[in-house]
Amino acid sequence: MCGIVGYIGEGNAKKYLLQGLEKLEYRGYDSAGISVLQDDKIVTVKKKGPLKNLKNAIKNVDLTSDVGIGHTRWATHGIPSDKNSHPHLSEDKKISVVHNGIIENYAVLKEDLIKKGYKFVSETDTEVIAHLISHLYSGSLLDAVISATKQLKGSYSIGVISQDEPDKIIAVRKDSPLIVGLKDDGNFIASDIPAILSETKDIYILNDNEFALLKKDKVTLYDERKNEIERKIYKAEFDDVTIQKDGYDHFMIKEIFEQPKAIKDTLLSCIMGEKVEMDSIKYDNLKDINKIFIVGCGSAYHAGLVGKIVIEKWAKIPVNVDIASEFIYRNPLIDKNTLLILISQSGETADTISALKLGKKTGCKTLAITNAMGSTISREADFVFYTRAGIEISVASTKAYITQLIALYAFALLLAQKKMEKDEFENIKAEILLLDKKVSKILLDDKNIKTIAKKIANEKDIFYIGRGVSYASAMEGALKLKEISYIHSEAYAGGELKHGPIALIENGTVVIAINTDKNLKEKMDNNIKEVASRGAYVIGIVPESFKNSNYNDTIKIPDTKPELYPVLSSVPLQLLSYYVATEKGYDVDKPRNLAKSVTVE
Ligand code: F6R
């Protein structure tokens with residue numbers, strides 16, 4: 001989604017802005033722009049398309065400046081175009097604004113401003129903010145921004161510069177992430193830590209309705225009544241080097257190969273000792289829980305589907321799993337004995353944040369499983385467990401998803417540890433502790449998977465089938481394929497085929513069968529025969545111990561406990577999607593229309 005960066009200091013603003021925008025590219029965008037203050041005038045350049053269009057446009061322009069703001073836009077209001085790109089300017093061109101989020105009441109505000117004589121040049125909601133700040137300006141940019149936000153409804157993080165106050169940047173956040181980076185010779189704003197990590201690791205994380213006034217040698221934070229706020233400096237835990245491709249062609253394949261480490265690091269944080277311990281989560285705080293809801297979007301939702309099966313099986317507590325955008329509009333039956341688990345890699349997904357807010361309003365307990373320290377979801381939930389995947393850059397989630405599974409296994413065990421037989425508990429724990437090594441083994445089969453991917457890369461439709469936890473894996477596999485290779489792919493529960501979907505099978509249709517659970521093997525074998533006898537080309541993902549398979553192609557994975565297979569089967573599914581997409585020549589890390597952090601509802 002959109003990205004913000006801003007710099008004020010003694011350096012070259014243009015350099016820092018472009019560098020920051022480059023680092024934010026992974027979030028997904030369709031245009032980019034910057035405004036800098038040069039000779040006390042605002043100079044703005046913005047271009048539709050990739051960042052290189054903006055870079056070309058300013059290549060020969062002298063933009064010497066030590067203050068500026070920049071933006072990558074992911075269109076919501078108005079098509080991607082130069083005009084709709086940010087920054088947006090006030091009519092007198094003295095104020096420039098970048099904005100992430102959505103101004104829900106922009107139409108009303110726009111009508112009012114038009115009546116007052118303001119002329120709009122774009123179709124965006126953001127332009128309203130620039131005119132409004134300009135209209136309210138009477139000598140203090142900070143005051144004007146504070147007053148303007150009182151009229152804004154919706155979500156926003158905003159960066160503002162003004163020709164009349166060239167020594168400052170004003171920033172504010174509400175329901176959309178924004179951080180401030182601190183350095184000896186200058187200060188930064190950004191929507192995400194990677195944008196500024198090469199310059200500083202010292203960060204202020206802004207809370208909702210907080211304002212930052214940045215000067216080159218000082219940053220002051222205010223609440224909405226303009227009281228100064230103290231904030232502890234947060235030290236970013238990762239280095240800029242961790243966000244390099246390290247010789248891999250794409251971040252996605254690098255992140256797939258980082259999974260053994262991500263699993264190990266996550267396990268080390270929760271399950272290595274005698275007991276299962278998960279950051280701030282304590283069993284005693286949860287012993288009255290009699291119902292659980294797991295809520296997330298996309299891959300996080302798919303992890304939740306596995307979570308439901310293991311929590312119900314091991315801890316014997318009923319679990320509902322919901323897509324966040326559905327959960328918030330369906331009046332779920334939540335009370336104080338309910339636990340709401342929010343799963344989100346980024347911790348900033350707008351729909352999942354809304355689900356968390358709904359849960360908090362009803363008084364249930366809330367638990368965040370997230371990969372992003374200091375993210376909105378991590379700060380607002382009652383309990384938090386951090387997956388230790390390390391920063392994930394590629395839009396398609398791989399290592400973050402796999403560590404969400406690990407977190408859910410650990411949590412199911414934590415809930416079960418006083419209910420389960422000791423032997424069973426130890427046995428499951430021991431199997432979980434082997435998963436990182438088993439994933440490493442699957443990664444050695446990379447070449448076989450690449451060969452299979454080449455065979456199916458030109459398909460129009462691909463189907464995934466599975467039962468039990470492997471149905472959830474089938475859904476994740478189909479999502480991974482469609483998002484990066486643009487091949488239509490659907491997942492079906494094996495037993496559902498005959499209720500409709502089997503009508504789609506014809507000669508040569510590719511079906512990927514995830515057949516992992518020995519208790520369901522016979523049933524799955526029948527489902528596979530049903531599609532094979534109608535001409536399907538079947539690719540099987542099966543444990544090493546399964547014999548007599550009748551597949552056109554087979555991908556073997558190590559044996560484990562039935563509930564743990566999603567960790568192992570997700571790896572070949574990721575590799576298959578990756579190699580199909582690269583075979584088609586697509587930009588795997590930045591698939592069309594998608595964004596890494598979905599900060600609008
Ligand atoms: C799929 C993918 C998305 C995310 C979804 C939720 O590969 O990455 O489906 O899983 O947008 O994002 P988070 O986990 O950040 O809430």
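Is the crossing in which H7 passes H13 right-handed or left-handed? In this predicted model, H7 passes H13 in a right-handed crossing. The two helices, H7 spanning residues 259–268 and H13 spanning residues 399–416, pack at an angle of about 35°, and their axes lie 9 Å apart. On the H7 side, the contact is made by Gln259, Ala262, Ile263, Thr266 and Leu267; H13 contributes Lys399, Ile402, Thr403 and Ile406. Sorted by class, the residues in the contact of H7 with H13 comprise five nonpolar, three polar and one charged.

Five strands form an open sheet with parallel pairing, arranged in the order E22-E21-E23-E24-E25. From one strand to the next, the twist averages 20°.

Within this sheet, strand E23 (residues 510–514) pairs with strand E24 (residues 537–543) in the parallel sense, over five bridges. The bridge partner of Ile514 in E24 is Ile541.

Helix H19 (residues 565–583) lies across E21, E23, E24 and E25, and H19 runs at about 135° to E25.

Asn105 is located in the loop between strand E6 (95–103) and helix H3 (106–115). Is Asn105 buried or exposed? Its relative accessibility is 12%, and because buried means under 20%, Asn105 counts as buried.

Which residues does Asn105 touch, not counting residues up to four places away in sequence? With that exclusion, Asn105 touches Gln151, Leu152 and Lys153. Polar contacts involve the backbone of two of these residues: a polar atom of the Asn105 side chain lies 2.8 Å from the backbone oxygen of Gln151, and the side chain of Asn105 also reaches the backbone nitrogen of Lys153, at 3.0 Å.

Key
Residues are numbered from 1 along each chain as its sequence is written. This is a predicted model: local features need pLDDT of at least 70, side-chain atom pairs count only at pLDDT 80 or more; totals for chains, interfaces and linings use all residues. Side-chain values use heavy atoms; hydrogens and water are left out. Helices (H or I, at least four residues) and strands (E, at least two) are DSSP runs, numbered from the N terminus. Buried means under 20% relative accessible area, exposed over 50%, partly exposed in between (1.4 Å probe, protein chains only). A polar contact is a pair of N or O atoms within 3.5 Å; within protein, one must be able to donate a hydrogen and the other to accept it, and residues adjacent in sequence count only if both atoms are side-chain atoms. Contact means heavy atoms within 4.5 Å. Axes are lines fitted to C-alpha atoms, for helices over the stretch in contact, and angles run from 0 to 180 degrees between N-to-C directions. A crossing is left-handed if the near helix is turned anticlockwise from the far one by less than a right angle, and right-handed if clockwise. Ala, Val, Leu, Ile, Met, Phe, Trp, Tyr, Cys and Pro count as nonpolar, Asp, Glu, Lys and Arg as charged, and the others, Gly among them, as polar. Two strands pair if DSSP finds at least two bridges between them.
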